[in-house]
Amino acid sequence: MSLGHIAVFMTRGGSLQAWEKTGMMEREISLYRALVELGYKITLVTYGNQLDQQFSPKLAGMTICVNRWGLKNDLYGRLIPYLHFFRLKQADLFKSNQFDGSLFVKYAANVLNKPFIARGGYSWSGFIKEKWGDSSERHQEVFREELSVFKESDAIVVTTSRMKEDIAQAAPEYSEKVSVIPNYVDTKIFAPVNDFSDHDKTYDFICVGRLNPQKNLSQVLKAIRGTGYRVAIVGEGELKEELQSEFSDLSGQVDWLGVVPHQQLPDLIRKSRVYVLASLYEGHPKTLIEAMSCGACVLGSDVPGISDVIGHQQNGYLCGTDSDELRRSMEVLSADGTLRDSLGKAARAYVLGHLSIEAIAAQESALYQRLMAA
(Lines give C-alpha, C1' and ligand atoms only; values in the text may rest on other atoms or scores of the structure.)
Protein backbone atom coordinates (compact mmCIF):
# COMPACT_ATOMS: atom_id res chain seq x y z
CA MET A 1 0.00 0.00 0.00
CA SER A 2 1.33 3.42 -0.95
CA LEU A 3 2.00 5.87 1.87
CA GLY A 4 1.52 8.75 -0.54
CA HIS A 5 2.65 10.37 -3.76
CA ILE A 6 5.26 13.14 -3.44
CA ALA A 7 6.15 15.50 -6.31
CA VAL A 8 9.69 16.85 -5.86
CA PHE A 9 10.60 19.94 -7.88
CA MET A 10 14.28 20.42 -8.65
CA THR A 11 16.11 23.71 -8.19
CA ARG A 12 15.40 26.30 -10.88
CA GLY A 13 17.34 25.15 -13.96
CA GLY A 14 18.35 21.86 -12.35
CA SER A 15 18.49 18.58 -14.22
CA LEU A 16 19.41 14.95 -13.67
CA GLN A 17 22.07 15.34 -16.34
CA ALA A 18 23.72 18.08 -14.27
CA TRP A 19 23.58 15.90 -11.17
CA GLU A 20 25.24 13.08 -13.10
CA LYS A 21 27.89 15.35 -14.62
CA THR A 22 28.90 16.79 -11.24
CA GLY A 23 28.90 13.40 -9.52
CA MET A 24 25.89 14.31 -7.35
CA MET A 25 23.30 11.91 -8.72
CA GLU A 26 23.69 9.07 -6.21
CA ARG A 27 23.90 11.47 -3.28
CA GLU A 28 20.84 13.50 -4.26
CA ILE A 29 18.62 10.60 -5.21
CA SER A 30 19.37 8.29 -2.27
CA LEU A 31 16.79 9.91 0.03
CA TYR A 32 14.05 9.35 -2.53
CA ARG A 33 15.13 5.74 -2.97
CA ALA A 34 14.75 5.33 0.79
CA LEU A 35 11.28 6.89 0.64
CA VAL A 36 10.28 4.56 -2.19
CA GLU A 37 11.36 1.63 0.02
CA LEU A 38 9.13 3.00 2.79
CA GLY A 39 6.17 2.92 0.39
CA TYR A 40 6.02 6.33 -1.32
CA LYS A 41 5.60 7.12 -4.99
CA ILE A 42 7.95 9.88 -6.17
CA THR A 43 7.64 12.19 -9.17
CA LEU A 44 10.74 14.24 -10.01
CA VAL A 45 10.08 17.48 -11.90
CA THR A 46 13.28 18.56 -13.64
CA TYR A 47 14.25 21.42 -15.93
CA GLY A 48 16.27 19.04 -18.08
CA ASN A 49 15.29 17.92 -21.57
CA GLN A 50 14.30 14.43 -22.70
CA LEU A 51 17.83 13.16 -22.01
CA ASP A 52 16.84 13.17 -18.33
CA GLN A 53 14.57 10.23 -19.15
CA GLN A 54 17.66 8.04 -19.67
CA PHE A 55 17.98 7.80 -15.88
CA SER A 56 14.61 6.09 -15.45
CA PRO A 57 16.15 2.58 -15.11
CA LYS A 58 18.17 3.86 -12.12
CA LEU A 59 15.13 5.39 -10.46
CA ALA A 60 12.78 2.49 -9.79
CA GLY A 61 9.53 3.66 -8.24
CA MET A 62 10.01 7.20 -9.52
CA THR A 63 8.58 9.07 -12.50
CA ILE A 64 10.48 11.86 -14.25
CA CYS A 65 8.76 14.93 -15.73
CA VAL A 66 11.06 16.82 -18.12
CA ASN A 67 11.14 20.01 -20.16
CA ARG A 68 10.74 18.27 -23.52
CA TRP A 69 9.63 21.53 -25.13
CA GLY A 70 13.00 23.26 -24.63
CA LEU A 71 11.43 26.24 -22.86
CA LYS A 72 13.44 28.87 -20.99
CA ASN A 73 13.69 28.06 -17.28
CA ASP A 74 11.36 30.77 -15.96
CA LEU A 75 8.70 30.17 -18.62
CA TYR A 76 8.86 26.41 -18.05
CA GLY A 77 8.64 26.97 -14.28
CA ARG A 78 5.44 28.97 -14.63
CA LEU A 79 3.89 26.43 -17.01
CA ILE A 80 4.79 23.28 -15.03
CA PRO A 81 1.30 22.74 -13.51
CA TYR A 82 -0.24 22.82 -17.01
CA LEU A 83 2.47 20.95 -18.93
CA HIS A 84 2.49 18.10 -16.38
CA PHE A 85 -1.10 18.48 -15.21
CA PHE A 86 -2.21 14.86 -15.36
CA ARG A 87 0.85 13.52 -13.52
CA LEU A 88 0.94 16.25 -10.87
CA LYS A 89 -2.79 16.03 -10.23
CA GLN A 90 -2.17 12.53 -8.87
CA ALA A 91 0.36 13.73 -6.28
CA ASP A 92 -0.62 14.23 -2.64
CA LEU A 93 2.10 16.73 -1.78
CA PHE A 94 4.51 19.11 -3.54
CA LYS A 95 8.04 19.74 -2.27
CA SER A 96 10.82 22.00 -3.53
CA ASN A 97 14.41 20.74 -3.48
CA GLN A 98 15.78 24.24 -2.73
CA PHE A 99 14.31 27.69 -2.09
CA ASP A 100 15.58 28.78 -5.53
CA GLY A 101 12.69 27.69 -7.73
CA SER A 102 10.17 27.40 -4.87
CA LEU A 103 8.13 30.28 -6.28
CA PHE A 104 7.14 28.03 -9.20
CA VAL A 105 6.29 25.18 -6.83
CA LYS A 106 4.11 27.55 -4.80
CA TYR A 107 2.28 28.56 -7.97
CA ALA A 108 1.81 24.94 -9.05
CA ALA A 109 0.50 24.03 -5.58
CA ASN A 110 -2.03 26.85 -5.78
CA VAL A 111 -3.19 25.85 -9.26
CA LEU A 112 -3.61 22.18 -8.35
CA ASN A 113 -4.68 22.73 -4.72
CA LYS A 114 -1.89 20.67 -3.13
CA PRO A 115 -0.07 21.08 0.19
CA PHE A 116 3.42 22.49 -0.33
CA ILE A 117 6.73 22.08 1.51
CA ALA A 118 9.33 24.79 0.85
CA ARG A 119 12.65 23.09 1.47
CA GLY A 120 16.05 24.79 1.53
CA GLY A 121 19.33 22.98 2.07
CA TYR A 122 20.99 26.37 2.50
CA SER A 123 19.81 29.95 3.00
CA TRP A 124 19.38 31.24 -0.55
CA SER A 125 19.03 34.87 0.51
CA GLY A 126 21.85 34.38 3.02
CA PHE A 127 24.25 33.18 0.33
CA ILE A 128 23.28 36.12 -1.91
CA LYS A 129 23.84 38.47 1.03
CA GLU A 130 27.34 37.06 1.60
CA LYS A 131 28.17 37.46 -2.08
CA TRP A 132 26.54 40.80 -2.95
CA GLY A 133 25.75 42.48 0.39
CA ASP A 134 22.45 42.89 2.23
CA SER A 135 21.64 46.22 0.56
CA SER A 136 22.14 44.87 -2.98
CA GLU A 137 19.17 44.77 -5.33
CA ARG A 138 19.72 41.05 -5.91
CA HIS A 139 19.57 40.26 -2.19
CA GLN A 140 16.39 42.29 -1.75
CA GLU A 141 14.80 40.52 -4.72
CA VAL A 142 15.66 37.05 -3.41
CA PHE A 143 14.57 37.92 0.13
CA ARG A 144 11.15 39.09 -1.13
CA GLU A 145 10.80 35.87 -3.14
CA GLU A 146 11.61 33.77 -0.08
CA LEU A 147 9.05 35.64 2.03
CA SER A 148 6.40 35.08 -0.64
CA VAL A 149 7.18 31.37 -0.64
CA PHE A 150 7.14 31.15 3.16
CA LYS A 151 3.75 32.85 3.29
CA GLU A 152 2.12 30.36 0.90
CA SER A 153 3.84 27.20 2.14
CA ASP A 154 2.26 24.65 4.45
CA ALA A 155 5.66 23.80 5.92
CA ILE A 156 9.21 25.10 5.66
CA VAL A 157 12.15 22.69 5.96
CA VAL A 158 15.71 23.83 6.65
CA THR A 159 18.82 21.82 7.46
CA THR A 160 20.17 23.59 10.56
CA SER A 161 18.83 25.21 13.72
CA ARG A 162 20.71 28.37 12.77
CA MET A 163 18.71 28.63 9.55
CA LYS A 164 15.51 28.21 11.57
CA GLU A 165 16.60 31.00 13.92
CA ASP A 166 17.42 33.27 10.96
CA ILE A 167 13.91 32.79 9.54
CA ALA A 168 12.37 33.42 12.98
CA GLN A 169 14.32 36.67 13.22
CA ALA A 170 13.60 37.87 9.68
CA ALA A 171 9.98 36.66 9.46
CA PRO A 172 8.70 35.64 12.91
CA GLU A 173 5.15 35.22 11.59
CA TYR A 174 6.29 32.08 9.72
CA SER A 175 8.49 30.55 12.44
CA GLU A 176 5.85 28.01 13.48
CA LYS A 177 5.97 26.45 10.03
CA VAL A 178 9.71 25.70 10.19
CA SER A 179 11.09 22.20 10.79
CA VAL A 180 14.77 21.25 10.90
CA ILE A 181 15.56 18.14 8.86
CA PRO A 182 19.33 17.91 8.26
CA ASN A 183 21.09 16.61 5.21
CA TYR A 184 21.77 12.89 5.30
CA VAL A 185 24.53 10.38 4.68
CA ASP A 186 24.43 6.84 3.38
CA THR A 187 26.40 5.49 6.32
CA LYS A 188 26.83 2.09 4.67
CA ILE A 189 28.72 3.57 1.70
CA PHE A 190 30.48 6.33 3.63
CA ALA A 191 31.99 4.15 6.33
CA PRO A 192 35.40 3.50 7.89
CA VAL A 193 37.48 0.55 6.77
CA ASN A 194 39.05 -1.22 9.73
CA ASP A 195 42.12 -2.57 7.96
CA PHE A 196 43.05 0.84 6.47
CA SER A 197 45.90 2.19 8.63
CA ASP A 198 47.49 5.64 8.71
CA HIS A 199 50.47 4.24 6.81
CA ASP A 200 48.18 3.46 3.86
CA LYS A 201 47.22 7.11 3.35
CA THR A 202 48.05 8.73 0.00
CA TYR A 203 47.21 12.30 0.99
CA ASP A 204 47.71 14.41 4.08
CA PHE A 205 44.64 16.52 3.28
CA ILE A 206 41.65 16.39 0.95
CA CYS A 207 39.29 19.17 -0.14
CA VAL A 208 35.99 18.37 -1.87
CA GLY A 209 33.69 20.96 -3.44
CA ARG A 210 33.13 23.56 -6.10
CA LEU A 211 36.16 25.66 -7.01
CA ASN A 212 34.59 29.05 -6.35
CA PRO A 213 35.32 31.98 -4.00
CA GLN A 214 33.00 30.70 -1.27
CA LYS A 215 35.15 27.60 -0.72
CA ASN A 216 38.24 29.73 0.04
CA LEU A 217 40.61 27.18 -1.49
CA SER A 218 43.32 29.76 -2.17
CA GLN A 219 43.95 30.06 1.59
CA VAL A 220 44.32 26.28 1.90
CA LEU A 221 46.89 26.27 -0.89
CA LYS A 222 48.77 29.20 0.64
CA ALA A 223 48.83 27.29 3.91
CA ILE A 224 50.68 24.31 2.41
CA ARG A 225 53.39 26.40 0.70
CA GLY A 226 56.75 25.51 2.18
CA THR A 227 55.45 22.23 3.59
CA GLY A 228 55.67 18.74 2.22
CA TYR A 229 51.95 18.07 2.53
CA ARG A 230 50.19 16.15 -0.23
CA VAL A 231 46.70 17.46 -1.02
CA ALA A 232 43.85 16.09 -3.15
CA ILE A 233 41.47 18.63 -4.69
CA VAL A 234 38.14 17.12 -5.79
CA GLY A 235 35.80 19.30 -7.83
CA GLU A 236 35.49 21.75 -10.70
CA GLY A 237 34.60 25.43 -10.89
CA GLU A 238 35.30 28.85 -12.32
CA LEU A 239 38.49 29.34 -10.30
CA LYS A 240 40.25 26.15 -11.37
CA GLU A 241 42.56 27.59 -14.03
CA GLU A 242 43.30 30.67 -11.93
CA LEU A 243 44.22 28.56 -8.90
CA GLN A 244 46.31 26.13 -10.92
CA SER A 245 48.24 29.08 -12.40
CA GLU A 246 48.71 30.93 -9.10
CA PHE A 247 49.84 27.79 -7.30
CA SER A 248 51.78 26.14 -10.12
CA ASP A 249 54.74 25.87 -7.73
CA LEU A 250 52.72 23.27 -5.79
CA SER A 251 52.29 20.93 -8.75
CA GLY A 252 54.24 18.21 -6.98
CA GLN A 253 52.10 18.46 -3.87
CA VAL A 254 48.58 18.92 -5.24
CA ASP A 255 46.52 16.48 -7.30
CA TRP A 256 43.63 18.18 -9.14
CA LEU A 257 41.22 15.26 -9.46
CA GLY A 258 38.26 17.10 -10.97
CA VAL A 259 34.77 15.65 -10.62
CA VAL A 260 34.81 12.23 -8.99
CA PRO A 261 31.79 9.87 -9.08
CA HIS A 262 30.03 9.86 -5.75
CA GLN A 263 30.66 6.18 -5.12
CA GLN A 264 34.44 6.77 -5.42
CA LEU A 265 34.53 9.54 -2.81
CA PRO A 266 34.63 7.28 0.28
CA ASP A 267 37.84 5.62 -0.87
CA LEU A 268 39.51 8.99 -1.54
CA ILE A 269 38.46 10.28 1.87
CA ARG A 270 39.80 7.14 3.53
CA LYS A 271 43.12 7.63 1.70
CA SER A 272 43.50 11.09 3.28
CA ARG A 273 44.55 11.88 6.86
CA VAL A 274 42.42 15.02 7.21
CA TYR A 275 39.41 16.42 5.33
CA VAL A 276 39.52 20.24 5.05
CA LEU A 277 36.61 22.63 4.45
CA ALA A 278 37.79 26.24 4.73
CA SER A 279 34.65 27.94 3.34
CA LEU A 280 33.70 31.51 4.13
CA TYR A 281 30.09 30.41 4.71
CA GLU A 282 28.04 27.23 4.31
CA GLY A 283 24.56 25.78 4.69
CA HIS A 284 24.76 22.18 5.94
CA PRO A 285 27.69 20.87 3.87
CA LYS A 286 27.14 17.37 2.56
CA THR A 287 30.78 16.60 1.80
CA LEU A 288 31.69 17.46 5.40
CA ILE A 289 29.20 15.04 6.92
CA GLU A 290 30.17 12.37 4.37
CA ALA A 291 33.81 12.69 5.45
CA MET A 292 32.74 12.46 9.09
CA SER A 293 30.74 9.33 8.28
CA CYS A 294 33.92 7.77 6.89
CA GLY A 295 35.55 8.32 10.28
CA ALA A 296 37.83 11.02 8.90
CA CYS A 297 39.37 13.70 11.04
CA VAL A 298 37.77 16.92 9.77
CA LEU A 299 39.15 20.47 9.85
CA GLY A 300 36.66 23.26 9.16
CA SER A 301 36.53 27.02 9.26
CA ASP A 302 34.68 28.47 12.25
CA VAL A 303 31.77 29.89 10.24
CA PRO A 304 27.99 29.30 10.24
CA GLY A 305 27.08 25.98 8.67
CA ILE A 306 30.38 24.34 9.57
CA SER A 307 30.46 25.24 13.26
CA ASP A 308 26.86 23.96 13.44
CA VAL A 309 28.25 20.49 12.69
CA ILE A 310 31.78 20.49 14.14
CA GLY A 311 32.33 20.83 17.86
CA HIS A 312 35.92 22.01 18.29
CA GLN A 313 38.12 19.14 19.51
CA GLN A 314 34.96 17.08 20.07
CA ASN A 315 34.13 15.60 16.65
CA GLY A 316 36.47 17.75 14.56
CA TYR A 317 38.70 20.81 14.58
CA LEU A 318 37.80 24.45 13.89
CA CYS A 319 40.02 27.34 12.86
CA GLY A 320 39.94 30.70 11.09
CA THR A 321 39.67 31.21 7.35
CA ASP A 322 43.12 32.74 6.69
CA SER A 323 46.15 30.74 5.61
CA ASP A 324 48.12 31.28 8.84
CA GLU A 325 45.39 29.83 11.06
CA LEU A 326 44.80 27.01 8.61
CA ARG A 327 48.48 26.14 8.56
CA ARG A 328 48.73 26.09 12.37
CA SER A 329 45.72 23.77 12.60
CA MET A 330 47.02 21.56 9.80
CA GLU A 331 50.33 21.24 11.63
CA VAL A 332 48.58 20.25 14.87
CA LEU A 333 46.50 17.56 13.19
CA SER A 334 49.30 16.33 10.96
CA ALA A 335 51.57 15.77 13.97
CA ASP A 336 49.06 14.03 16.23
CA GLY A 337 47.77 10.70 14.98
CA THR A 338 46.06 9.94 18.29
CA LEU A 339 44.04 13.16 18.07
CA ARG A 340 43.11 12.43 14.45
CA ASP A 341 41.92 8.95 15.38
CA SER A 342 39.89 10.21 18.35
CA LEU A 343 38.19 12.98 16.36
CA GLY A 344 37.47 10.62 13.47
CA LYS A 345 35.74 8.09 15.72
CA ALA A 346 33.68 10.85 17.35
CA ALA A 347 32.74 12.19 13.89
CA ARG A 348 31.47 8.77 12.81
CA ALA A 349 29.45 8.41 16.02
CA TYR A 350 27.91 11.87 15.49
CA VAL A 351 26.73 10.99 11.99
CA LEU A 352 25.34 7.60 13.04
CA GLY A 353 23.42 9.28 15.83
CA HIS A 354 21.98 12.19 13.85
CA LEU A 355 22.38 12.02 10.08
CA SER A 356 21.86 8.50 8.74
CA ILE A 357 19.65 8.29 5.67
CA GLU A 358 17.24 6.02 7.54
CA ALA A 359 16.76 8.60 10.31
CA ILE A 360 16.26 11.48 7.87
CA ALA A 361 13.82 9.48 5.69
CA ALA A 362 11.77 8.78 8.84
CA GLN A 363 11.67 12.50 9.67
CA GLU A 364 10.62 13.34 6.11
CA SER A 365 7.89 10.68 6.21
CA ALA A 366 6.52 11.97 9.52
CA LEU A 367 6.21 15.48 8.05
CA TYR A 368 4.53 14.18 4.89
CA GLN A 369 1.98 12.20 6.90
CA ARG A 370 1.16 15.16 9.11
CA LEU A 371 0.56 17.46 6.13
CA MET A 372 -1.43 14.92 4.15
CA ALA A 373 -3.62 14.16 7.17
CA ALA A 374 -4.28 17.89 7.62
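Is glutamate 26 buried, partly exposed or exposed? Glutamate 26 is partly exposed, with a relative accessible area of 28%. Here buried means under 20% relative accessible area, exposed means over 50%, and partly exposed lies in between (1.4 Å probe, protein chains only). This is a predicted model, in which local features need pLDDT of at least 70 and side-chain atom pairs count only at pLDDT 80 or more, while totals for chains, interfaces and linings use all residues. Residues are numbered from 1 along each chain as its sequence is written, and side-chain values use heavy atoms, with hydrogens and water left out.

The term salt bridge denotes a side-chain nitrogen of Lys or Arg within 4 Å of a carboxyl oxygen of Asp or Glu. Side chains of opposite charge can pair when their charged atoms come close. Arginine 33 is also partly exposed, at 26% relative accessibility. By this rule the count comes to 18 salt bridges.

**Second stop: aspartate 100 and arginine 12**

Select aspartate 100 together with arginine 12. The two form a salt bridge whose closest N and O atoms are 2.8 Å apart. Distant parts of the chain are linked by this pair, 88 residues apart: aspartate 100 is in the loop between β4 (93–96) and α5 (102–112), and arginine 12 is in the loop between β1 (4–9) and α1 (16–21). Helices (H or I, at least four residues) and strands (E, at least two) are DSSP runs, numbered from the N terminus. Aspartate 100 is buried, at 16% relative accessible area, whereas arginine 12 is partly exposed, at 24%.

Next, select aspartate 255 and arginine 230. Between them is a salt bridge, with the closest N and O atoms 2.9 Å apart. Aspartate 255 lies in strand β10 (residues 254–258) and arginine 230 in the loop between α9 (217–224) and β9 (231–234), so the pair ties together parts that are 25 residues apart in sequence. Aspartate 255 is partly exposed, with a relative accessible area of 23%, and arginine 230 is partly exposed at 27%.

**Last stop: aspartate 322**

Finally, select aspartate 322. Its place is in the loop between β13 (317–319) and α13 (323–335). Aspartate 322 is partly exposed, with a relative accessible area of 32%.
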